[in-house]
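Hi there,

Here is the structure I promised to pass on to you. Have a look at it first, and my notes come after.

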Amino acid sequence: MSILKRTQQWATFARTWHIYDCTWQNPFDSAKVVKNHLMGLHKPIYHPMNDCGDHVVLINTGEIALPGDEWIKRVYFHHTGYPGGASWTLAWQLHEKDPTMVMKKAVYAAMKGNLQRRHTMQRLHLFPDDKVPEEILGNVTSQIKQTRVVPKRLDHIDKETLENFPAIMDYPKDYVLR
Amino acid sequence: MSILRIVNAFNRSLVPHQRTVATSAVLGVKQIEVQKQDDTVVIQAVTSESPRQALLLKEACQPKFCPECSLGLDVKHTDVLILSQYVRNDGCMLPRRITGLCKRQQKKMGTLVTMAQKAGLMPNLGPSSSKKDPKQRFGWRKYNKYYYESSIKY
């Protein structure tokens, strides 16, 4: 095998590290994207028997967003195995206990339940905020595009944009400003 | 720009005033000023120019203007720069006689404003007792949430 071909072989089967910012992202929409990179489904060489999945670093998992009142409607079930050992935890309560758990379970549930799933999950690295250890951040070479546009708060918009934004409504002449 | 402003101001003066007949004295007031001089407090109503006049869109100078009906704009609950114009300082929605929206749009805008407030995107426009930081809210409300505009029925 020539040097060129050998390098190509290494480059093809090397694991890439991706980073994904979960700020204001729906965990269940994001999980569908993250899963593709974790399993290597985005690669042309993909095959279930071919171990070509990548690493994914999820940051800011504490900042995920759920639609409407899903924080109190989504319930996580757990059973200890003993009689009366069932427990139901609301999504926001689980998120309060561990800010990475909702995201982790979303990615886990997005994949098919087979023997490979636990090993694929080992390649997922979750962090509740943007504090990532240097040895992990140093591996990252690629970024996954967010599924939702991060909304901007009115008090975080800079003064220049606020003052120059076109007005679509004027006050009537007898309006008292407050 | 200044010529456009004069033309706009002329156009607006042609539009008939909504309240032509008044049983009490016509207000004609923009701002209430409170001044303290020695031991007397002077409260006076000062008619001043609207802060939005210079930035006003040409289409919005019509007596009736809806972002969707007139311009075909699809306003989302994250468009806080548009929604905040229909809101008072304390976060209340302005009534229809002031906003000039059609009945359906007024209801829709009201819902969008509520969505933006619940999502914590306009924390600086709210009653003085409100928590300015959405992260300080109680229970599940402190976490990020967003809304689907398709859930608005009208």
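Below is what I found, starting with how to read the model.

This is a predicted model, in which local features need pLDDT of at least 70 and side-chain atom pairs count only at pLDDT 80 or more, while totals for chains, interfaces and linings use all residues. Residues are numbered from 1 along each chain as its sequence is written, and chains are lettered from A and ligands numbered from 1 in the order in which they are written.

Let's begin inside chain A. Helix H2 (residues 27-39) of chain A and helix H5 (residues 101-110) of chain A have axes that come within 8 Å and cross at roughly 55°. (Axes are lines fitted to C-alpha atoms, for helices over the stretch in contact, with angles from 0 to 180 degrees between N-to-C directions; helices are DSSP runs of H or I with at least four residues, strands runs of E with at least two, numbered from the N terminus.) H2(A) is therefore oblique to H5(A), as angles under 35 degrees count as roughly parallel, over 145 as roughly antiparallel, 65 to 115 as roughly perpendicular and the rest as oblique.

Now for the two chains together. Their contact takes 30 residues from chain A and 44 from chain B (in contact: C-beta atoms, placed from the backbone, within 7 Å). Strand S1 (31-37) and helix H3 (80-83) of chain B are among the elements giving two or more residues to chain B's side. Strand S3 (residues 65-67) of chain A also pairs with S3(B), in the parallel sense over 3 bridges (pairing needs at least two DSSP bridges). Within that pairing, Ala65(A) is opposite Asn144(B).

Best wishes

How values were computed
Contact = placed C-beta atoms within 7 Å.
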